[in-house]
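Please open the model in your viewer and keep the selection tool at hand.

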Amino acid sequence: SRPGWNGIDAVISGRVILLSEDMLESQAMRTAAAVYIAKALYPAEFADINPLEALTLLTEEADGYAASGTFVYIG
């Protein structure tokens, strides 16, 4: 629904990844963002990886609690 996006090839083909700015707050969140991007770009190679699980584990280990919320849109 963003103005002008309907003419972008990636949007037309459904190859968009939106990351929340919150994904830049800490090293754990940046690492989780990299996992999400890797999974989206190379689904076969990362078939056994669950990015949400990675986000949960990384933030629990770094911060003592799991991050919660919506941080990524892939579509």
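Which residues in helix 2 meet which residues in helix 3? Select A28, M29, T31, A32, V35, Y36 and K39 in helix 2, which meet P51, L52, A54, L55, L58, T59 and A62 in helix 3; contact means heavy atoms within 4.5 Å. By class, this contact has 11 nonpolar, 2 polar and 1 charged residues (Ala, Val, Leu, Ile, Met, Phe, Trp, Tyr, Cys and Pro count as nonpolar, Asp, Glu, Lys and Arg as charged, and the others, Gly among them, as polar).

The model is predicted: local features need pLDDT of at least 70 and side-chain atom pairs pLDDT 80 or more, whereas totals for chains, interfaces and linings use all residues. Residues are numbered from 1 along each chain as its sequence is written, and side-chain values use heavy atoms, with hydrogens and water left out.

Next, select T59, which lies in helix 3 (residues 51-63); helices are DSSP runs of H or I with at least four residues, numbered from the N terminus. T59 counts as buried because its relative accessibility is 1% (buried means under 20% relative accessible area, with a 1.4 Å probe and protein chains only).

Display the polar atoms of the T59 side chain. This side chain reaches the backbone oxygen of T56 at 3.3 Å, and one of its polar atoms lies 2.9 Å from the backbone nitrogen of A67.

Finally, select M29. Leaving aside neighbours within four places in sequence, M29 is in contact with D22, M23, L55, T59, A67 and F71.

Note on methods
Helix = DSSP H or I, 4+ residues; strand = E, 2+ residues; numbered from the N terminus. Buried < 20%, exposed > 50% of the residue type's maximum accessible area, 1.4 Å probe, protein only. Polar contact = N/O pair within 3.5 Å; in protein donor to acceptor, adjacent residues only side chain to side chain.
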